[in-house]
Amino acid sequence: MAVSLGELAGRFGLELEGDPATTVRRVGTLAHAEPDAISFFANPAYRGQLANTRAAAVILKPEHSKDCPADALLAKDPYLAYANIAAMLHPPLAYSPGVDASSSVATSATLAEGVHVAANATVGANCQIGERCYIGAGSVLGENVVIGDDTRLLANCTIMHDVVIGKRCIIHPGAVVGADGFGNAQGPAGWVKVPQLGSVRIGDDVEIGANTTIDRGAIEDTVIEDGVRLDNLIQIAHNVRIGAHTAIASQTGISGSTTIGKRCMLAGQSGLVGHITICDDVVIGGATMVTKNISEPGFYTASFPAERDRDWKRRVARFRRLEDLANRVAQLEKGTQKK
Amino acid sequence: MAVSLGELAGRFGLELEGDPATTVRRVGTLAHAEPDAISFFANPAYRGQLANTRAAAVILKPEHSKDCPADALLAKDPYLAYANIAAMLHPPLAYSPGVDASSSVATSATLAEGVHVAANATVGANCQIGERCYIGAGSVLGENVVIGDDTRLLANCTIMHDVVIGKRCIIHPGAVVGADGFGNAQGPAGWVKVPQLGSVRIGDDVEIGANTTIDRGAIEDTVIEDGVRLDNLIQIAHNVRIGAHTAIASQTGISGSTTIGKRCMLAGQSGLVGHITICDDVVIGGATMVTKNISEPGFYTASFPAERDRDWKRRVARFRRLEDLANRVAQLEKGTQKK
Amino acid sequence: MAVSLGELAGRFGLELEGDPATTVRRVGTLAHAEPDAISFFANPAYRGQLANTRAAAVILKPEHSKDCPADALLAKDPYLAYANIAAMLHPPLAYSPGVDASSSVATSATLAEGVHVAANATVGANCQIGERCYIGAGSVLGENVVIGDDTRLLANCTIMHDVVIGKRCIIHPGAVVGADGFGNAQGPAGWVKVPQLGSVRIGDDVEIGANTTIDRGAIEDTVIEDGVRLDNLIQIAHNVRIGAHTAIASQTGISGSTTIGKRCMLAGQSGLVGHITICDDVVIGGATMVTKNISEPGFYTASFPAERDRDWKRRVARFRRLEDLANRVAQLEKGTQKK
């Protein structure tokens, strides 16, 4: 698809410094863009690449246009403008409606218009699949799953019985939604399974990463509100609630019954203990464990950055003698006070 | 299913304070139970919800019955009693025996009576599947897998060749049992794969969470003993042994050849290095790395809770100047001793 | 398969102390080897097991041959010699070429000679599968996937559209290669998805662990060079590059656009932030977070080992009073200087 800069400027409300008739066909990085590509400049670290780019046009902030060797589309948020332009130039792979002969769809399932069920997918009894949904190859939907319009399950996804998923969601390969929560009571002869009787409710415009797991609730539902973004390999335990537009990076774990507010951002490998509440607009640093309620927006963290092993080991040894050091300081203070 | 409180009291050996003819049909939370539901009270944090519950009955400790506005079933361990009652009121989804036409079952595989093989599942050569097992949609069993009676593989599970699984196990979607352990020898031209020739043996009554991975042994087997409970996204490396009734929370990793005792509890995101031994009845805290043998039961931990980022950064800076601080204290002591 | 020690010595260039006519049929551990097995001794911790082994032969370093009760194959690197001998005695499961009737292979896909497509696998349009490849049961290949000769996708793997995989790779069950990277721009009404338009290129002789995820690039490709070894449940974000022969242990996460050099080793549960560069020959300790470029080879770490919870809690409390301690030391110094 070829689009003129004039058309892009008009459609996305951007100011153009350059020739409106210039056309671009695809996106590219500053460093490697071909002359028919449009690029963007958002991270000052790449200033050198901007100076040397061969891109036909670059999306950037007005204050950087003087450094741009190509036509410039000026945007307050160049990354956002880039996202919209990239989506226009590169629409997602198209699929034609239809049910692959190798899939297995229960006769009691309802498929709305335009649904594609790919090879070797399984759709259980009484499922209701919305218009234009894509049920990818190898995916499994248990009984009574409800999926809103335009949602895509890309491949080998598992959605267990009674889960409800909103519209325009994207569920990446290997994600598991609605497996049993981890509920065990201690009996005289070992653990007794606590039945997990709730389900999972996922809002609209939610994206769930590859091999991420979202457990069903114990009695009531686990809830993922609208617009949430979950990266890969995340664990969401039973009865968690994640507020709208919160984004969580890879390998983070949220323990049972914890509530996260809206517009939060959790970096990778962070972990939240169970039964706590995080308010709106909280940012959690990487590899950080949160053990208590957070009731004020802000940035919270608790992890040490890597050092040379010999330096680190020395620090750990010092840390372990901290009590001794404190005692010695107290002793010195006593001596001072005596005088 | 409607059950009277009298029947529940009799069947589970609980004392009833209230009307034995009251019937309940389902479970509910204290906060949201309908008048036909039974709830439980185990966590003192929910005392306010107990006072206002609309549940027909509540399972609780004898000492809390005076605070209960509904009929009360008295239990030493209300959560355990709840688990049993919930299982009675809400039995797992039933399935009828049979082999789905879209599945692929090797002619040399043996399916005992009552087995269900769901859509698009694959059962390899010489597998032996016990009575009433459920092989969920999209699951793959390699050659020579042996599964005991009443075990359920829920969906998209992968069980590699020669793995042995006991009775009454539940394997959640996406779990992988019996993939190769991570064995590599350094050769002159790069890594040389060390063949992983052992298998995995899983006892009875084991539950394995979604997308959890349990690797096969290098020479001998990886072993999961009876009654073990594994949450989601856990890594169990080759030749690990996990003792009976140990429970491990999500995203924990156990490195190769480590042995964990019986009745241990590992919190989420903990990690054990390889070739160590943890005795029975050990509890490991969240996000804690264990680097040495543990030979005494007890609670072990090593992780910092999140703080305001600016406070944390200040602490890290102090930590990095700890050596300097210790030197200054030594200097002060020297000055004192001189006098 | 029975092989004589003489043949093993000759083929792998090892010195034999013992009878060249002795035959072995399989490998075994020092502790449990049967008399027809060959074992190896590499870890001094197992010296006691060496003394008592019933193995027919043991592979070990020349300096340990005097402690060996059996025939000895002398190797500079016994583990490497063991890897080669084990592979010879125990070749991987054989499969016959062919396409299972329950699989779904696009008519536009090209399968070279000797390919096996197992049950319920899906091969998308225009895929090119090299000679003798194994596409395991339940695996899904999107459109335009290219796979080199002798690569094996073991089961339930997902390879998304346009991914390129080299020769002789092994991809373990549940791995996902080529899911969208986690790219989101903040729009006025919530997150806007940034299209992920790059792909993933994987070199030759790469091994990818169970349920590991490797995301496709945002504009250019994510790259895994030759000979890389990835354990289970690892996250590789978009536009990461991993240098040849680097090995990464389980549950490690590499954030977007980070570059790792050649021959690095990352222990389990480590994490690298985005947009950094790690040079060749770096070793990262377990559960260590790397936040900055590393430009010198060596061992880097930052994690605390578990302690008794009461000891640890005391340490954390001391740590939190470190600023107070430093102030008191400064006060003492002031007093000293006054005099």
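Chain B is superposed on chain A by a rotation of 120° with 0.0 Å of shift along the axis, at an RMSD of 0.0 Å, where copies are superposed by least squares on the C-alpha atoms of residues with pLDDT of at least 70 in both. That is the relation of a three-fold axis. The copies use different surfaces, since 19% of the contact residues of chain B recur in chain A; two residues are in contact if their C-beta atoms, placed from the backbone, lie within 7 Å. The model is predicted, so that local features need pLDDT of at least 70 and side-chain atom pairs count only at pLDDT 80 or more, while totals for chains, interfaces and linings use all residues. Residues are numbered from 1 along each chain as its sequence is written, and chains are lettered from A and ligands numbered from 1 in the order in which they are written.

**Confidence and domains**

- Chain A averages a pLDDT of 97, and 99% of its residues score at least 70, pLDDT being the predictor's confidence in each residue, from 0 to 100.
- For the complex, the predictor gives an ipTM of 0.97 and a pTM of 0.98.
- Chain A is divided into domain 1 (3-89), domain 2 (98-300) and domain 3 (309-338), with bounds that come from an automatic or database domain assignment.
- The centres of domain 1 of chain A and domain 2 of chain A, taken over C-alpha atoms, are separated by 36 Å.

**Chain B against chain A**

- In this interface, 59 residues of chain B are in contact with 59 residues of chain A.
- The elements of chain B that give two or more residues to the side touching chain A are α3 (78-89), β40 (307-308), α4 (309-320) and α5 (322-338), where helices (H or I, at least four residues) and strands (E, at least two) are DSSP runs, numbered from the N terminus.
- The largest share of that side of chain B, seven residues, comes from α5(B).
- By class, the side of chain B that touches chain A has 26 nonpolar, 23 polar and ten charged residues; Ala, Val, Leu, Ile, Met, Phe, Trp, Tyr, Cys and Pro count as nonpolar, Asp, Glu, Lys and Arg as charged, and the others, Gly among them, as polar.
- Strand β39 (residues 298-301) of chain A is joined to β40(B) by two bridges, and these strands run antiparallel; strands pair if DSSP finds at least two bridges between them.
- Within this pairing, Thr301(A) stands opposite Glu307(B) in β40(B).

**Chain C against chain A**

- Strand β40 (residues 307-308) of chain A pairs with β39(C) in the antiparallel sense over two bridges, and the bridge partner of Glu307(A) in β39(C) is Thr301(C).

**Sheets involving chain B**

- Twelve strands form an open sheet with mixed pairing, in the order β8(B)-β11(B)-β14(B)-β17(B)-β20(B)-β25(B)-β28(B)-β31(B)-β34(B)-β37(B)-β39(B)-β40(C).
- At the edges stand β8 (98-99) of chain B and β40 (307-308) of chain C, each with a single partner strand, so one side of each is left without a neighbour in the sheet.
- Strand β11 (residues 116-117) of chain B runs parallel to strand β14 (residues 134-137) of chain B, joined by two bridges, with His116(B) opposite Tyr134(B) in β14(B).
- Strand β18 (residues 158-159) of chain B pairs with strand β21 (residues 176-179) of chain B in the parallel sense over two bridges, and Thr158(B) stands opposite Val176(B) in β21(B).
- β21(B) also pairs in the parallel sense with strand β26 (residues 213-215) of chain B over three bridges, where Val176(B) stands opposite Thr213(B) in β26(B).

- Val206(C) lies in the loop between β24 (200-202) and β25 (207-208) of chain C.
- Val206(C) is buried, with 24 other C-beta atoms within 10 Å; a residue is buried if 20 or more other C-beta atoms, placed from the backbone, lie within 10 Å of its own, exposed if 12 or fewer, and partly exposed in between.
- Leaving aside neighbours within four places in sequence, Val206(C) is in contact with Gly166(C), Cys169(C), Ile224(C), Asp226(C), Gly227(C) and Val228(C).
- The C-alpha atoms of Val206(C) and Ile224(C), 18 residues apart along the chain, are separated by 7.9 Å.
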